[in-house]
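User: I am new to reading protein structures. Can you take me through the features one by one?

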Amino acid sequence: MAIDRFDGAILGVGTTSGVRVVVGRWEGSPLGAFADVMLATADDQRVLLAPDEAVAEYVSQTYHFDEVVHCPVTVRDTGDGASRRWHVSAGELVLDVVLGGRTATGRLLRPIPTALATSRPVAVLADPFARLLHPGVRTVGTAGGGRREYYGARDQHAVEAVAGSWRGVDLGRLAPVDPPPRFGFSSTPRTPSLTRVRTTIVRS
């Protein structure tokens, strides 16, 4: 059994074009520091944008995609407070995100010690509460290839606005992440947000 831990943040946004985007920015992982993008189109085609072959192979063995694209993926985190932004560039995707204040979920999570919030037992205990607070969100479940996956959230901030394009088409304005993109057993919250998280994947 192997246990892989990914420490970073997950950004989930919807747009009025129907495109939904999930960006992972990982500061520490078995694959090093990297960013990747999972994108669902208006007609529910699931696309992975991965920076290299190793990331593409690992992620596509864990989640489900109709298309995998290898391209540079960069995330610039600029400003702070009310002026904080994420600037995402990934192949044919350009995304600028304006971040807001801490959400109610973030305020609940923030005081919990990191070691406790990111543990697998707590992820199991938190699952029914996550489902209740954020329909479609799970904190534990079975991923691809028989892997077991655990999400330990540590903080969360709201998203206030987005702008950008996908394959030359304007994404439009910010919208709920709806319908949920079906990359795996869990979705990001319906309300666009940036969640600080540790993802733990257990491989047999």
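Analyst: Start with the nonpolar core. It is a set of buried Ala, Val, Leu, Ile, Met, Phe, Trp, Tyr and Cys residues joined through side-chain atoms within 4.5 Å. Keep in mind that this model is predicted.

User: How many residues does the largest nonpolar core have here?

Analyst: It has 26 residues. L11, V21, V23, V37, W86, L93 and L95 have the most contacts inside it.

User: Which elements give two or more residues to this core?

Analyst: They are β1 (2-15), β2 (20-28), β3 (34-40), β4 (46-50), β6 (73-78), β7 (85-90), β8 (93-102) and β10 (148-166). β8 gives the most, with 4 residues.

User: What is L11 in contact with, beyond its neighbours within four places in sequence?

Analyst: Contact means heavy atoms within 4.5 Å. By that cut-off, L11 is in contact with V21, V22, V23, W86, L95, V97, L99, V159, S193 and L194. Another core, of 19 residues, lies apart from the largest one. Its members include A40, L48, V59 and F183.

User: Now pockets. Which residues line the second largest pocket?

Analyst: The lining is G8, A9, R25, E27, D77, R84, W86, D155, H157, L194, T195 and R196. About 170 Å³ of space lies in this pocket.

User: Where does the largest share of that lining come from?

Analyst: From β13, with 3 residues. β1, β2, β10 and β13 (193-203) each supply at least two.

User: How many of the lining residues are nonpolar, polar and charged?

Analyst: The lining divides into 3 nonpolar, 3 polar and 6 charged residues.

Key. Residues are numbered from 1 along each chain as its sequence is written. This is a predicted model: local features need pLDDT of at least 70, side-chain atom pairs count only at pLDDT 80 or more; totals for chains, interfaces and linings use all residues. Side-chain values use heavy atoms; hydrogens and water are left out. Buried means under 20% relative accessible area, exposed over 50%, partly exposed in between (1.4 Å probe, protein chains only). On a 1 Å grid over the protein atoms alone, a cavity is a set of points where a 1.4 Å probe fits but cannot get out, and a pocket is an open set with protein on both sides within 12 Å along at least five of seven lines; lining residues have an atom within 4 Å of a point. Grid points are joined across faces, edges and corners, and a volume is the space filled by probe spheres set on the points. Ala, Val, Leu, Ile, Met, Phe, Trp, Tyr, Cys and Pro count as nonpolar, Asp, Glu, Lys and Arg as charged, and the others, Gly among them, as polar.
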